[in-house]
Amino acid sequence: MTTPTAPARRGLSDGAFGLLLTLPALALFGAVVLYPLIGALTTSVFAQSLVVPGRTFVGLDNFRAVLDGEFWSIMRNTIVYTIGSTVAPVVVGFALALALNSRIRGRSVLRGLFLFPWVIPGVVVSFVWLWIFNANYGLLNGILVGLGVVDDPITWLGDPGTAMAAIIIAKTWASFPWIMVMLLAGLQTIPATLTEAASLDGAGPVARFRHVTLPHLRGILGIVVLLEVIWNLQHFDMIYVLTGGGPAGSTTTFAVAVYDTAFKGFDLGKASALGALWLVLIMALVVVYVRISERGEQA
Amino acid sequence: MTAAPPDATSTAPEAAPAPRRRRGRPPSWGAIVTVAVLGVFAFGPVYWVAVTAFTPTADVFRFPPRLFPERLTVENFSTLWDNPVLLRYLANSLIVSTLTALLTVVVSAYTAYSFAKFRYRGRRSLMYLVLASQMFPQALLLITLYLVFSQVGLLNSYLALILSFTTFTLPLCIWMLKGFFDTIPDELIEAAKVDGAGQGAIIHRILLPVSLPGLVATGLFAFIRGWNDFIFALTLAGPEKQTLPPGLVNTFLGEVETAWPALMAASLVVSLPVVIGFAVLQRYLVAGLTAGAVKG
């Protein structure tokens with residue numbers, strides 16, 4: 001044990017006590033994250049059912065079955081969903097943050113109100129958009145038909161051509177608010193003198209945005225995009241409730257596929273193999289992302 | 001853009017007493033249009049949910065829908081209240097979310113205090129490990145988690161939900177509270193040590209009382225996460241222990257045509273506690289959300 005630095009009656013050194021304080025959290029992470037993670041990766045080389053006890057070693061058979069199956073369409077759907085559900089809310093949130101950063105009336109009230117869609121449960125967000133996108137009685141079809149934009153109601157969530165876009169719109173509604181809050185907080189740290197100086201040097205709004213605002217927000221934008229990508233790569237709730245992965249598998253992402261394979265198909269081996277490949281995709285994207293942003297900071 | 005007045009610099013001291021209100025340039029037309037358009041996008045659906053929830057069921061099933069209802073009713077809410085299954089989901093949600101909030105506050109307070117005020121080997125690695133746990137997809141973890149909970153007889157129990165919710169709420173709560181504890185001066189803790197206070201007394205009589213707002217915000221955040229969770233409650237709990245999100249999906253979806261007015265009424269009821277809690281503590285949550293990001 002190291003010599004205590006402060007003259008106090010304590011049985012433990014500072015460092016050991018500090019470590020001790022983290023034990024409850026570490027125990028939870030070990031039991032609910034680490035052990036299940038290792039367990040699932042192990043299961044990927046076994047044939048195992050959710051309902052029948054016991055398992056047999058099958059090597060890479062599960063991976064072969066997965067790669068011969070829907071893997072590539074699941075991969076494509078996951079990437080399309082992740083890009084759409086990250087880019088759209090960032091654009092919307094950024095636009096709103098810029099607008100609210102001006103001396104607009106009731107800014108803090110507006111900021112609070114705009115957060116509303118973000119706090120409500122994802123399942124409720126799904127109900128809201130299920131109803132709006134409803135083919136027979138939905139609001140969106142009502143408006144579009146009323147305005148004469150389309151002649152006949154569209155089955156937004158039942159058509160492979162529109163289902164993914166509809167999900168992304170709903171997800172954008174739910175996640176742009178927190179991005180707006182983050183970026184607005186960042187905008188408010190830009191010294192007014194900096195923008196004024198740029199204006200005096202003859203920089204227009206676009207130049208000011210590119211040379212003052214954007215560089216200043218790069219750190220926050222980086223964090224926001226990274227978190228959105230990580231969350232979207234594993235998002236489950238809204239896809240599951242809005243389409244369940246359909247129609248014809250057109251919105252089946254890894255989250256839905258792994259869940260369905262394990263808990264509806266009872267095939268734990270195959271679900272684990274699919275999940276292991278999913279994890280590789282997440283890790284790879286995060287590593288690439290961190291590399292890029294590190295290089296950007298050095299430049 | 002408006003030309004800067006010649007005495008632009010001299011206005012700065014005058015504006016100093018109320019810098020928050022006066023900051024930023026006057027809103028441009030672009031800003032006003034952006035706020036208006038996104039306002040319709042953000043609040044249009046909310047309006048539509050409210051209208052549907054107060055519309056008699058018979059008036060909803062027609063096309064095109066009416067933007068402004070002819071008749072209003074509260075019958076959609078009273079049918080919810082008369083449904084014992086929904087009341088059980090509600091009770092489950094309240095129990096599980098409250099206990100999740102309490103457990104999360106306790107666990108994350110100790111961990112955040114350790115990260116904020118102690119120096120030991122591996123501290124930074126632990127901090128990043130806590131954050132990295134967010135990267136592991138829950139659907140994948142559930143495969144083994146389901147088997148483990150089943151083996152120890154915790155499937156279909158409150159405890160399984162509370163442990164799962166707490167674990168996945170911890171990373172953000174630890175970081176929020178660490179930001180809070182960072183602002184507490186070391187001198188306060190040193191002074192207590194000099195007075196002979198033990199570590200337990202420092203935490204429970206000094207640190208936690210001065211951090212009460214942060215603890216309440218953390219608890220509220222954890223409550224919201226528990227209240228909103230879907231996948232764990234869907235998988236680990238049966239009908240008796242299920243919370244509202246999967247409960248509502250099982251009750252309302254998958255029938256021939258969904259009872260939209262009742263479902264929209266239920267949506268409002270489920271959202272209400274979260275919105276109220278959020279409105280009360282909005283300032284702390286926004287501060288907590290943005291603290292780490294703006295500094296870094």
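## Elements of chain A

Helices (H or I, at least four residues) and strands (E, at least two) are DSSP runs, numbered from the N terminus. By this rule, the secondary structure of chain A in this predicted model comes to 14 helices and two strands. Residues are numbered from 1 along each chain as its sequence is written, while chains are lettered from A and ligands numbered from 1 in the order in which they are written. Because the model is predicted, local features need pLDDT of at least 70 and side-chain atom pairs count only at pLDDT 80 or more, whereas totals for chains, interfaces and linings use all residues.

## Extent of chain A

Along its principal axes, the C-alpha trace of chain A spans about 80 × 75 × 35 Å.

## The nonpolar core

A nonpolar core is a set of buried Ala, Val, Leu, Ile, Met, Phe, Trp, Tyr and Cys residues joined through C-beta atoms within 7 Å, and a residue is buried if 20 or more other C-beta atoms, placed from the backbone, lie within 10 Å of its own. The largest such core has 156 residues, and those with the most contacts inside it are A:I167 and A:V258. Helix α9 of chain A (residues 163-187) gives the most to this core, with 16 residues.

Two residues are in contact if their C-beta atoms, placed from the backbone, lie within 7 Å. Leaving aside neighbours within four places in sequence, A:V258 is in contact with A:A271, A:L274, A:G275 and A:W278, and also with B:A139 and B:L140.

## Where the chains meet

In chain B, 83 residues are in contact with 83 residues of chain A. To the side of chain B that touches chain A, helix α3 of chain B (residues 29-53) gives the most, with eleven residues.

Conventions:
A residue is buried if 20 or more other C-beta atoms lie within 10 Å of its own, exposed if 12 or fewer, and partly exposed in between; C-beta atoms are placed from the backbone.
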